[in-house]
Amino acid sequence: MPTYTLAFIADQIGGRVLGNGEVAIRGVSGIQEAQDGELTFLHREDYAPYLQETKASAVILGEGVAVTMPAIVVDNPQVAFAQAVQLFEEDLKTVYPPGERHPSAVISTTARLASDVYVGANSVVEDGVEIGPGSCLLPGAIVLRGSRLGAGVTIHPRVVIRERSVIGDRVIIQAGAVIGSDGFGFIRSSEGIQKVPQIGHVLIEDDVEIGANVCIDRAATGVTRIGAHAKIDNLVQIGHNVVVDEGSILCAQVGISGSTTIGREVTIGGQAGLVGHIRIGDKANVGAQAGVTRSVPSGEVVSGYPARPHRQARRYFAEIARLPSFLEKLRDLATRVAKLETKGDKSEDE
Amino acid sequence: MPTYTLAFIADQIGGRVLGNGEVAIRGVSGIQEAQDGELTFLHREDYAPYLQETKASAVILGEGVAVTMPAIVVDNPQVAFAQAVQLFEEDLKTVYPPGERHPSAVISTTARLASDVYVGANSVVEDGVEIGPGSCLLPGAIVLRGSRLGAGVTIHPRVVIRERSVIGDRVIIQAGAVIGSDGFGFIRSSEGIQKVPQIGHVLIEDDVEIGANVCIDRAATGVTRIGAHAKIDNLVQIGHNVVVDEGSILCAQVGISGSTTIGREVTIGGQAGLVGHIRIGDKANVGAQAGVTRSVPSGEVVSGYPARPHRQARRYFAEIARLPSFLEKLRDLATRVAKLETKGDKSEDE
Amino acid sequence: MPTYTLAFIADQIGGRVLGNGEVAIRGVSGIQEAQDGELTFLHREDYAPYLQETKASAVILGEGVAVTMPAIVVDNPQVAFAQAVQLFEEDLKTVYPPGERHPSAVISTTARLASDVYVGANSVVEDGVEIGPGSCLLPGAIVLRGSRLGAGVTIHPRVVIRERSVIGDRVIIQAGAVIGSDGFGFIRSSEGIQKVPQIGHVLIEDDVEIGANVCIDRAATGVTRIGAHAKIDNLVQIGHNVVVDEGSILCAQVGISGSTTIGREVTIGGQAGLVGHIRIGDKANVGAQAGVTRSVPSGEVVSGYPARPHRQARRYFAEIARLPSFLEKLRDLATRVAKLETKGDKSEDE
C-alpha cells in the first residue's frame, strides 16, 4: 500500500490539520485495531476514551474534540474516513490492465466490447453481448447472449449473467452472484407440475451493488428491476418480477417473493422474508428476520412475525415477558373472589 | 422473438377464438404490464377490471367472460397461458447446437456422452461421467468423476456436480447450484472436532428442477434423494441423507437438516427450517419462516416457531394481540374485587 | 470401493472382534440402510432393536451388548465408525495426482506453489499467490493475487478466494464458497449512498472447514478471522470484521453481521441471525432460527426472537399456549365478581 503525509490526506478529503502534518500514514483502521503508522477516526462520542489508548498515528475527528495526537478536523468524520480509505484502495486498473483480454477468455465474435474493457482468465462472453467503456470482467465471469452492460461496471469472479440482462453504469456485482436465473413458476395441474417458461429479463440500474452468491430471478414475462443506487448484501434472493426501487438497502439473506415491489430508500434487515404481490412503501424499514405478509405503508417501521408496526411488536414482546406476573395476579384474584364468595354465603347463612 | 396470429396460438393451446383471429401477436405478458401486440390472460375475477385498461392486443380467458378485444376461450386460462408462453420461449438448441463441444471444454476421454450432448465453454467433465441424449451443459458447468446424467438434462452455468451423483431425465439445474458437497458431519471428541468422511452420494430423479445457488449435500453413507417432479427454489439447503419425495415444492432459502424425510406433494414456504431426523407427511404444508422441530402428520398445515398446526398458531397470534385488553380487564377486576373487600370489611365493622 | 476383512478393520480402529473376523466388508452404512457385505454401528440404546433387522454383515458396538452377528467392540462406537468410514473414503491423491497442473489452468508465473500441489482444469491462480505442500485446487477454483494457502488445503470446484486472503493448514473449502468478498459498507449521506472501500482481508486458521456457497466478507480495514478448527456449514453469511473463534460450529444458513465476535466452542443452530457489534461468549449455544440482538454470556443457551435464555424462551412459549385457559379464567372471574357486586347492591337495597 502507498504512504502519504497527513497533510496530503487532509487536502484530499477537505479537512484541516491539527499538529504535525508531516507524519507518514501507510494505512487506515478502526480506532481499536489501528497500529503505528495508521490513520483512524472518531465519529461517536462514546468511542472518545479509545483516543487515549489507540496506537494510531493520527485521527480524523469533528470540530471541538480535544486531542493531543496529529489530527484532521472535518464536518463528518465517517464520510471523511471513507474518502481517506479510498486513497489506500488498490486500483483495479493496475491489476487488470484496461483493454486486455486474457487468452483463455472465450469471447464471441459478435460481442461488442468497448476497447478498454478487461476480460479475465476463463471468462465467457456470448453472442451479441455489449459492454461499455471502463468495465472489467474478473476471472471466471460468464455473460450470456444478448446481455448489455454499461460503463465502469465491475463483475467479480464466477458471476453468471444470464441472457438478455440489462445492467447500468458503475454497477458492482460480487463473486458468485447469479443474475437472471429462471423464476420459480409452476402450475400444479391434473397432469402433475408444469413449468411456466420464464421469458422475461433482469434490469439493474446505475450504481447498484449486488452481493456475493445473490440470486436475482428473471421475470416470467416483462422485467425484474433493481433501481439505481440500491445495495444488496450477500445471499439475498429476489424472485421474478420483483421491483426494488432507487436507493433501497437489502441486508444479507433477505428473501423477496415474486411480484413484490420495494419502494425507494427502503431498508430491509438481514434474513427478513416478504411474501409475493405486496408493496413496501418508500422509506419503510423492515426489521431483521421479520416475516412480512402484507403491504407496508411508506415510512412505517415493522418487525416480527407476522410483521407489525415495530412499536406494537415490541409491546407484544414486553407483554409476553409479563405473562408470568399476569398469571400470578389472576391466581391471587381468584383466591380473593373465592373468599368473598364464601363470606357472602356465610352472611346469607346467618 | 417470433410473431404468430391469434388463431395459430389458439390452435396450439386448444382454445377457441373470439373476434379477429388474424391479429399479430409478438409477445406475452401480465394484464397490467402487457403492451400493444402482446397476448395476456385473465384467470381471477378480481383482475376483470384490468380488462378495460390493458394495452394487450388479445386475452386468454375462461368461458362466459364478457370481452370486446380479440380473445381465446379455454377451460384453464392459467395453464393455457403457460402453454402460449412456451411458443415464445427461445429454443436452447438454436443457441447451443446439439453435439457441439466447445474447444475450451475439458472432457475426459473416459466420459461417455451421447452424440447430441452440448458441452459449453470452459466446462469440465471428468473420468467415467455418463450423459444421456439431448442433454446440455452450459458454460462453466463442472461434472466430477463417475456422475451419471440422464436424457434431456439442462445444467446451467457454473453448476458443480460432485463425484458419483446420479441425475435422472429432464432435470434442470439452475446456475451456481452445488450437488453433492460434503455433508456437515463432525464428532466433538476429547481430541477436538473430527470430520466424519461423507462417502455417500446424491440421487436426483426425473423432472426435478433445482434453483440457483442451491446446496444439496451428499449422504454420509447411502444416498440423499430428491424424488421425481420435486421443485426446489434458489438458495435452499438440503443436508446429508435427506429425502424429498415426489412432487414436493421447496420455496427459496428453505433449510432441511440431515436425515429428515419430506413426503410426497409437500409444500414448504420460503425460509422455513426443519431440524434433522424428522418426517413431514404427504401433502403437508409448512408455512414460510416456520421452525419445524417435530414430525408433521400427512395433510397437516403448520406455521410459526416452534411450528404448530396453523389454526392454533393463528389463534396464538390473535391472542397475543389481545394481551393489552386482557391486562386492562385484569386491572378492572382487581379494582372491583378490592372495592368488594373494603365493603365487606365495612359491613363487618358495622 | 475396496474390500477388507472385519479383523483388518478392527485392527485399524483399535477394536476387538466378536465372531468371524474373516467376513468380507465392502462398505459402511447406517443400521437401517445397510446391505449385505456392509459394516454398520450401534451407538444409541434405542437403536438396539434394529440389530435384529439389519442386513449388515457386521456391527461396531460398545461393551456389553448382546449380539449374534460378527462385531467389533470399541469404547466409542460413533468415533470408531467414523474411523472405519475413512478406510472406504476415496483418496483424492489417486484422482488428482500430486504435482499435476492441468494444461487449462491459468497459473501466474509469480505464484509460488509447492511442487506437489495439484491444480485442476480451468482453475485460476493469480500473481503472488503462495500454496503449501500437499494442497489441492479442484477444477474451476479461483485464487486471486497475493493470497497465501497453507499445507494440505483442499479447495473444491468453483471456490473464489479473493486477493490477500490468508488460509492455514488442512483447511477444506466446499464448492462455490466465496472468501473475501467486499463487506457491506455504505454511508447514506446528502449526496446519496457512498461505498466505503473494503481494504482488509480474511484470515482462516488451521483445520477449518467452510461449506458450499458460504460467503465470508473481507474486513473494511483489518481482518475477518475464522479461528482454528471452526466448522461452517453451507450458505452461511459472515460479515466484515467478524471473528469466529476456535472450535465453534455454525450450522447452515446462519448470518453473522459485521464486527460481531463469536467465542470459542460456540454452537449456532441453522438459520440463526446475529446483529453486528455483539459478543457471543465461549461455549454459548444459540438455537436454530434465533434472532440475537444482544451479547450472550459464556456458556449461556439462548433461543427465539429476540433471543433469550432458552429456559425463559420455552416458558414463554408454554405460557402463550396457555393463553386460552387464562382468558377463560378471566371471564369466569368477571362473571363471579359481577355476581358479588349485584348481591352487594341488593344487600344495600335491603
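## Exercises on the B–C interface

Arg145(B) and Glu90(C) form a salt bridge whose closest N and O atoms lie 2.8 Å apart; the term means a side-chain nitrogen of Lys or Arg within 4 Å of a carboxyl oxygen of Asp or Glu. This is a predicted model, in which local features need pLDDT of at least 70 and side-chain atom pairs pLDDT 80 or more, while totals for chains, interfaces and linings use all residues. Residues are numbered from 1 along each chain as its sequence is written, and side-chain values use heavy atoms, without hydrogens and water.

**Exercise 1.** Find how many salt bridges link chain B and chain C, and which element of chain B gives the most residues to the side that touches chain C.

*Solution.* Step 1: the count of salt bridges between chain B and chain C is three. Step 2: among the elements giving two or more residues to this side of chain B are strand E20 (178-181), helix H5 (310-321) and helix H6 (323-349) (helices, H or I, of at least four residues and strands, E, of at least two are DSSP runs, numbered from the N terminus). Step 3: H6(B) gives the most, with nine residues.

**Exercise 2.** State the extent of contact between chain B and chain C.

*Solution.* Step 1: 66 residues of chain B contact 69 residues of chain C, where contact means heavy atoms within 4.5 Å. Step 2: the buried area is about 5,100 Å², with 63% from carbon and sulfur atoms; this is the accessible area (1.4 Å probe) lost on putting the two parts together, summed over both.

**Exercise 3.** Relate chain A to chain C.

*Solution.* Step 1: a rotation of 120 degrees with 0.0 Å of shift along its axis superposes chain A on chain C, RMSD 0.1 Å (least squares on C-alpha atoms of residues with pLDDT of at least 70 in both). Step 2: the two copies are therefore related as by a three-fold rotation axis.

Terms used:
Chains lettered and ligands numbered in written order.
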